[in-house]
Every structure is written in C-alpha cells, then in structure tokens.
Amino acid sequence: MNSEKRREIFNRLRQANPTPTTELEYTTPFELLIAVLLSAQATDVSVNKAMRKLYPVANTPAKIYKLGVDGLIPYIQTIGLFRTKAKNVIETCRILLEQHGGEVPQTREELEALPGVGRKTANVVLNTAFGHATIAVDTHIFRVSNRTGIAPGKDVDEVERKLMKFIAPEFLQDAHHWLILHGRYTCIARKPQCWNCLIADLCEFRQKTPLPEKGV
C-alpha cells in the first residue's frame, strides 16, 4: 500500500471520528492503568462493569492495596484470569506507592517493570493517559493492519514498527483508537462488514464480503 492510500484512509477515519478515545471508563491515569491491566483477554464491557463497583470504593494505589488480594477478588471475579490479575494489581499498587509516590510513571521502562504490564498495556497508558504517539497492537489492530494492507506483519512487533513508520505524524496520536474501533465494529474477524466500510475502496483485502441478502 502506498503512502497516498494510507493518508486517505486516516483522513477518512479522522473525519468520521475526530476525537477518538478508549472505551474503558476512567478518570485518572491510575484508573486507566488498572483497567487496561484487567482487560487482557477480557472485554472492555466486562472491565467497565467491574470498575463501576470497585472505583467508588477504591480508586487509588493506597486504597486498592489496602483491600489486598482477597479483598479485591470479589470486585473482579467476573473478569477472566481474575486471581492472577488480582495479585498483579496489588503488587503494582505496592510498587507505585514505594517507588513512584503513588503516581503512574510516564516511561515505557517503568511501566513495563510493573507486574502484568507488557508493551501493549504500556503503550495504551502512554498514549491515552499521557498523550504519547504510541500504538498498542492488539488483536483488532493486528487484523486490520494485515487485512487492509496498511501495515502487514507476521507478529505484533512487526506490525507496530510498520505502523509507526508508515503512518503520517499528524495521525499517530489517534491512530491506535481509530484502528481498534474499526476492527471492533466494522472490520470484524469472521465477517468483515465491507459493504459498510468507509475505506473499502482503499482496502487491499481480496475477499471483501458482499452486502448480506435481505432477511439474513
């Protein structure tokens, strides 16, 4: 895919959604960090439901740390891998309190040093909470990047490198959200809604799905 196509794709995505953001609900960088940490192999909807119960009770490192693993589990047990995640959250809170004054660090290295925080989670926090031009390649972004031809790659690291290289600087801040939302609601895994896609004419996917028949 050439640079003109890519620019037009992101122009259209920006026109359709000028101020995209995460669907996770949060009010502080710490709330976002915990929500993203819990969202691994879980839906944003399930995490939001749990956080609506947890955050009114405890939404700071000190308050959640005080709950302890056993006190946190009842709030997050509807989320996949909740036992492991509970341990990671409590340990993360301890580190934030002891090493960062209770604040979320703003460097990738410090974020990735927190339990359960990998490159993807760090990228989300850096981008959404602190405005860094990063792209967290999840399953949606990986699929859209390969399927459309925007940034094909055999693994998430290659796709991330290509996206950072190929996307024009003016789009980098919001590209992460546009691609996730496009993959979540239009360029879905099994039956992409090519007939309802605003970039279908620019997409290089060879097996575009036709408009479904009436009544189907």
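This is a predicted model: local features need pLDDT of at least 70, side-chain atom pairs count only at pLDDT 80 or more; totals for chains, interfaces and linings use all residues.
Trainee: Thanks! How many helices and strands are there in the protein chain?
Mentor: There are ten helices and zero strands. Both are DSSP runs numbered from the N terminus: helices are H or I with at least four residues, strands are E with at least two.

Trainee: What share of the residues is buried?
Mentor: Buried residues make up 48% of the 216. Buried means under 20% relative accessible area, exposed over 50%, and partly exposed in between, with a 1.4 Å probe and protein chains only.

Trainee: And how many residues has the largest nonpolar core?
Mentor: That core has 36 residues, and those with the most contacts inside it include Leu38, Met51, Ile64 and Leu111. A nonpolar core is a set of buried Ala, Val, Leu, Ile, Met, Phe, Trp, Tyr and Cys residues joined through side-chain atoms within 4.5 Å.

Trainee: Which helix gives the largest share of this core?
Mentor: H2 does, with eight residues.

Trainee: What does Leu111 touch?
Mentor: Leaving aside residues up to four places away in sequence, Leu111 touches Val104, Pro105, Val117, Ala122, Val125 and Leu126. Contact means heavy atoms within 4.5 Å.
Mentor: There is also a second, separate core of 24 residues, which includes Ile135, Leu172, Trp178 and Cys197.

Trainee: New topic: is Asn127 buried or exposed?
Mentor: Asn127 is buried, with a relative accessible area of 2%. Asn127 lies in helix H7. Not counting residues up to four places away in sequence, Asn127 touches His132, Thr134, Leu172, Gln173, His176 and His177.

Trainee: Last one: what does UniProt list for residues 38–185?
Mentor: An unreviewed UniProt entry lists them as "domain: HhH-GPD". UniProt positions are in the numbering used here, feature names are shortened, and annotations may be inferred rather than shown by experiment. In the model, that span is 67% helix and 0% strand, and its end C-alpha atoms lie 22 Å apart.

Technical notes
Residues are numbered from 1 along each chain as its sequence is written. Side-chain values use heavy atoms; hydrogens and water are left out.
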